[in-house]
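Hi,

Here is the structure I promised to pass on to you. Have a look at it first, and then read on for what turned up in it.

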Amino acid sequence: MEAMAAAKPVIKVAALCGSLREGSYNRGLLRYAMELTKEEIDGIQIDYIDISPLPMLNTDLEGDGKYPPVVEAFRQRILVADSILFASPEYNYSVTGPLKNAIDWASRSPNVFANKAAAIVSVAGSLGGARAQYHYRQIGVYLDLHFINKPEFFLNAYESPAKFDSDGNLIDPASKKRMKKVLLALQAFTLQLQGCNFNLSTTSEFPRRIGRLSEEGHGLTPYTEGSLAPPFPASTRYKLGRTSETYDWYDLETCNNERSVVSQFQDEHFRLKNKRYTPNARERMYKFGLVASWVFFLIVIMLNYRVNSIVDACCKRNVFSRSLDLWVAYS
């Protein structure tokens, strides 16, 4: 286990803040994330990128297929990153102008966001920036930017107890724990997208149990030169010509295991192979339903006859009583 921990690859995370305010709470989240990677979480390096120098998107600034130097420097830092961490408030139910401008510059051809993992955290009022997060996720769909789904991080900065100090630093213990979970999830998802997979050389040592991993589990190992290729053709590693045969084998094995799990579940819970569901059983159920329907119709007919008899008796009694009343009246 110690050897596995030592071999864990280090991922580079580009951190972008949607607020330009000096005491921004969202920038405070990013500062705390950087502290976590230095003190508690191994295998993550966060590069905070200031987006305030970026000019407003204007294609007239592009000349001879080149971007302004400040934009090109920004794009290069995004390109070398393995994943993106956004921290943004919510402006008018949506994204902020500065961060949207930065995203637009980075998405210019070639798109430097493509096939990267991403996470988003937000500090705002009421809903904590939830509506803005949904818009960022929609933008990521077109950019091939893969956001982690859980855990979600929304923080209302104006609720008690206080979440930040006067300098904009995060001080809320519960929020700190949630922020750590976000970073760990981003790290795991980034390694998955990059091609880190189960060490196939140890498969025989840890046999599968009906599609589930053994209690010991498998050790995550990064791809090295000549090993498994990432599943995304647009990545630079794929362009190096690495083969994906072993990865395809892993997918095939996983698919076969899933089929066996589904088959066992059906056998145990639906009992598809039980004798009660043989053709003879279906025939007996059909006959039982036919007999039950005839009995039902007979009961309905008998009740109808009984009701008609009662109605006739009541009518006769009423006529007889009226005749007596008329005889008394004219006598």
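How many aromatic pairs does a search of the whole structure find? The search finds six. Rings of Phe, Tyr and Trp (its six-membered ring) count as a pair if their centres lie within 6.5 Å; planes under 30 degrees apart are called stacked, over 60 edge-to-face, and the rest tilted.

Before the details, a word on the ground rules. This is a predicted model, where local features need pLDDT of at least 70 and side-chain atom pairs count only at pLDDT 80 or more, while totals for chains, interfaces and linings use all residues. Residues are numbered from 1 along each chain as its sequence is written, and side-chain values use heavy atoms, with hydrogens and water left out.

Rings first

One of the pairs is F86 with Y136: the ring centres are 6.2 Å apart and the planes are at 15°, so this pair is stacked. F86 belongs to strand β3 (residues 83-87) and Y136 to helix α5 (residues 130-142), so the pair ties together parts that are 50 residues apart in sequence. (Helices are DSSP runs of H or I with at least four residues, strands are runs of E with at least two, and both are numbered from the N terminus.) Both F86 and Y136 are buried. Buried means under 20% relative accessible area, exposed means over 50%, and partly exposed is in between, using a 1.4 Å probe and protein chains only.

Now compare F296 and F297. Their ring centres are 5.8 Å apart with planes at 65°, so that pair is edge-to-face. F296 is exposed, at 52% relative accessible area, and F297 is partly exposed, at 48%.

Two rings have a charge over them, meaning NZ of Lys or CZ of Arg is within 6 Å of the ring centre and within 35 degrees of the ring normal. The charged end of R131 sits over the ring of Y93, 3.7 Å from its centre. R178 lies over the face of F153, 4.4 Å from the ring centre.

Two helices with a buried face

What does α5 turn towards its neighbours? Its buried residues are A130, A132, Q133, Y136, R137 and G140. Looking down the axis of α5, these fall within an arc of 150°, so they line one face of the helix. (The arc is that of the directions from the helix axis to the C-beta atoms.) The buried residues pack against α4, β4, β5 (145-147) and β6, while Q138, V141 and Y142 on the other side of α5 are exposed.

Helix α3 (residues 69-80) can be read in a similar way. At 1.5 Å a residue, its 12 residues should span 16 Å, and its end C-alpha atoms are 17 Å apart, which agrees. The expected span is 1.5 Å times one less than the number of residues. V71, F74, R75 and I78 are buried in α3, and they fall within an arc of 95° seen down its axis, so they line one face. An α-helix has 3.6 residues a turn, so residues three or four places apart point the same way. The cover over the buried residues of α3 includes β1 (11-17), β2 (44-49), β3, α4 and β4. P69 and V80, on the other side, are exposed.

Y32 and its partners

Y32 lies in helix α2 (residues 25-39) and is buried, at 12% relative accessibility. Leaving aside neighbours within four places in sequence, Y32 is in contact (heavy atoms within 4.5 Å) with L170, K176 and M179. Y32 and I171 are 139 residues apart in sequence, and 9.3 Å apart in space from C-alpha to C-alpha.

Where are the cis peptide bonds? One runs from S109 to P110, with omega near -5°, and P110 lies in the loop between α4 (97-106) and β4 (116-124). Another joins S160 and P161, with omega about 0°; P161 lies in the loop between β6 (153-156) and α6 (173-194).

N115 is not a glycine, yet its phi is positive, about 60°. N115 is in the loop between α4 and β4. S126, also not a glycine, has a positive phi of about 30° and lies in the loop between β4 and α5.

Cheers
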